[in-house]
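Take a walk through the fold below.

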Amino acid sequence: MTELYDLAKRDRLAFWADQAHELYWHKPFTKTLNWSDAPFAKWFEDGQINASYNCLDRHVLAGLGDRVALFFEGEPGDSKVFTYSELLAETKKAANALIALGIESGDRVAIYMPMIPETVIAILAVARIGAVHSVVFGGFSSDSLRSRIDDAQAKLVITADGGFRKGRAHPLKEAVDQALQEGNCPSVEHVLVVERTKNDVTFGPKDTWWHDALSNAATEHVAAGFDSEHPLFILYTSGTTGKPKGILHTTGGYLTGASYTHRTVFDLKPNTDVYWCTADVGWITGHSYVVYGPLANGATQVIYEGTPDTPSFERWWQIIAKYHVSIFYTAPTAIRTFMKIGREIVEGHDLSSLRILGSVGEPINPEAWNWYKEVVGGSRCEIVDTWWQTETGSIMISPIPGAFKTKPGSAQRPLPGITIGIVDELGAPVEKTAEGSVAGYLTIDEPWPSMLRGVWGDPERFKETYWNKFPGKYFAGDGARFDEDGDIWLLGRIDDVIKVSGHRLSTAEIESALVEHHWVAEAAVVGAKDEITEQAVVAFVILRQDEIADAPSETDIAKILRDWVTQKIGAIARPRQIMVVTELPKTRSGKIMRRLLRDVAEGRPVGDVTTLADSSVMTAINDKLHLGASD
């Protein structure tokens, strides 16, 4: 794989053209990049391509129709297998059903679904006819759904009666009804409903069952090519206030980035590998590494509807053993959760099929990295710690298996074709020394094919958010540093960097130090206002149940852990307060909502908790604080 670095370094644009040529183009491109209207890029602009055709038709035409595309595992235990031929047949019927409902090229379609095969089929059918999908995670509220439908002016909503989650049927159609009530979302003309849970739903004049629409649809559909810069999808970023921010991705460049990074980072061998990314398709990881990347590469993959704890925390490991998964891609939050429970829950299963383990979503601390490698990977698997964003569309920084020696906790270096910088407040490159470098701001210094093409309907917001801080460079919003070898260590969002007495401290670094202590399973660190030091470090920790049987009181635990951080990092990083909690506030995708912890740390009323997987977590933390049960 090291030759890829040389090829990209010699001629970056020729390298990207070669990656694009791995796809099928209805009309071959002759122009690789048009950057004349920076920061609005045009990649392969005179070519025409169809994302659905590349994910399905070309594999069937190549004689691979009998290859398994999807192993579906439902949370209640039901399962289903789709070959590429079967997935193509269903997608053709779905495309014809959409056309029958009046959906045309350029129309927006909102998809609010559980993690089931019909969701993948719906996405590919929308892309097949040149419409633009806007997938809304099925855990979002009706208000969140409504705002996204309105912003995109969606003409159709595809949903389900419900989905199974944590052992029960979670309603979805009901939330759609609430979003559309009283004349809201007037752009919506039709609602397609997949029958999944068979719970009672109310049908109105706009509603049609998915199975009825597909049974009445023609079985043949010819996929036409669309301009490379034709919009493929809008994906709204979560966790912000005000108007939702719709990240726009277009077809040719995005598919090039997703497919190239998927086969490269995971060393994909499509004839033998079984791949599983645990992300929901409601997030960018699900778009790029469940739908478009794996299917464009002809991979066989697992999709799972439920959560890792239903009916028990053994479920994931049972699935890996059942399907002989060889490539596994998940979030550090999940790994730390399993660490907290104990290695026995993993070691009781045959995971010998695994060869590549991936990490995504946030920096993975070294202890979690080592536990992942040793306990899940049996000390034999390569680990790829990946950094990227909704906006980048595909992985930007990651080790490539076998190319270099990996380091616990470091994403290491940009992929071939990607140019990364770390700069100071003024935009000057941070100085690298034999000891490494100081922390700085992560930038991407050259355009890349899968980059976002804007914020839907708001080009000024696109420029202001991503390009104005360091003109000519994409500002990722993350902190990073180089080590003595020139490898990159991600330090989390810059708003997760604490400034104590003029010193910039990484919350990720302090969290890693805490988790290195054998008592601590998981930690979240925030900065709280402080009259003396500007900000103070406040930590929330979950203890490992198998390690604390003989532990002292919480007050003593807090003191010992504060001393531990001092020893590991220095007195400047010593937490002002450490609170022992039983759980941290997390979104349904597993990200820790540090914004809510800052509210607690600074004594403010806790903000919006609607995106949390379990809103009672914040109630418990607040109650404990008010009872004085902190350190």
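Contact here means heavy atoms within 4.5 Å. Ile158 shows the term at work. Leaving aside neighbours within four places in sequence, Ile158 is in contact with Leu98, Val109, Ala110, Ile111, Tyr112, Met113, Ala122, Leu192 and Trp210.

The model is a predicted one: local features need pLDDT of at least 70, side-chain atom pairs count only at pLDDT 80 or more, and totals for chains, interfaces and linings use all residues. Residues are numbered from 1 along each chain as its sequence is written, and side-chain values use heavy atoms, with hydrogens and water left out.

Start with the cores. A nonpolar core is a set of buried Ala, Val, Leu, Ile, Met, Phe, Trp, Tyr and Cys residues joined through side-chain atoms within 4.5 Å. Buried means under 20% relative accessible area, exposed over 50%, and partly exposed in between (1.4 Å probe, protein chains only). The largest nonpolar core has 131 residues. Ile158, Phe266 and Tyr292 have the most contacts inside this core. Its largest share, eight residues, comes from helix 6 (residues 117-128). Helices (H or I, at least four residues) and strands (E, at least two) are DSSP runs, numbered from the N terminus. Another core, of 51 residues, lies apart from the largest one. Its members include Ile335, Val537, Val541 and Leu561.

Now move to helix 2 (residues 12-20). Arg12, Phe15, Trp16, Ala17, Gln19 and Ala20 are buried there. What covers these buried residues? The cover includes helix 1 (2-10), strand 1 (33-34), strand 2 (42-43) and helix 10 (251-265).

Helix 10 also holds Thr261. Thr261 counts as buried because its relative accessibility is 1%. Beyond residues up to four places away in sequence, Thr261 touches Phe266, Tyr289, Ser394, Ile395 and Leu415. A polar atom of the Thr261 side chain lies 3.2 Å from the backbone oxygen of Ala258. That is a polar contact: a pair of N or O atoms within 3.5 Å, where within protein one must be able to donate a hydrogen and the other to accept it, and residues adjacent in sequence count only if both atoms are side-chain atoms.

Trp317 sits in helix 12 (residues 315-323). Its relative accessible area is 0%, so Trp317 is buried. Its contacts, leaving aside neighbours within four places in sequence, are Phe328, Phe338, Ile345, Val346, His349, Leu351 and Val376. A polar atom of the Trp317 side chain lies 3.4 Å from the backbone oxygen of Phe313.

On a 1 Å grid over the protein atoms alone, a cavity is a set of points where a 1.4 Å probe fits but cannot get out. A pocket is an open set with protein on both sides within 12 Å along at least five of seven lines, and lining residues have an atom within 4 Å of a point. Grid points are joined across faces, edges and corners, and a volume is the space filled by probe spheres set on the points.

How many cavities of 30 Å³ or more are there? The count comes to four.

Of its 27 lining residues, Pro414, Leu415, Ile418, Thr419 and Ile420 are the closest to its centre. Strand 21 (420-423) supplies the largest share of the lining, four residues.

Finish with the backbone. The peptide bond from Ala38 to Pro39 is cis, with omega near 10 degrees. Pro39 is in the loop between strand 1 and strand 2. A cis peptide bond also joins Thr310 and Pro311, with omega about -5 degrees. Pro311 is in the loop between strand 17 (300-304) and helix 12.

His324 is not a glycine, and its phi is positive, near 55 degrees. It lies in the loop between helix 12 and strand 18 (327-330). His324 is exposed, because its relative accessible area is 56%. Gln412, also not a glycine, has a positive phi of about 80 degrees. Its place is the loop between strand 20 (382-385) and strand 21. At 3% relative accessibility, Gln412 counts as buried.
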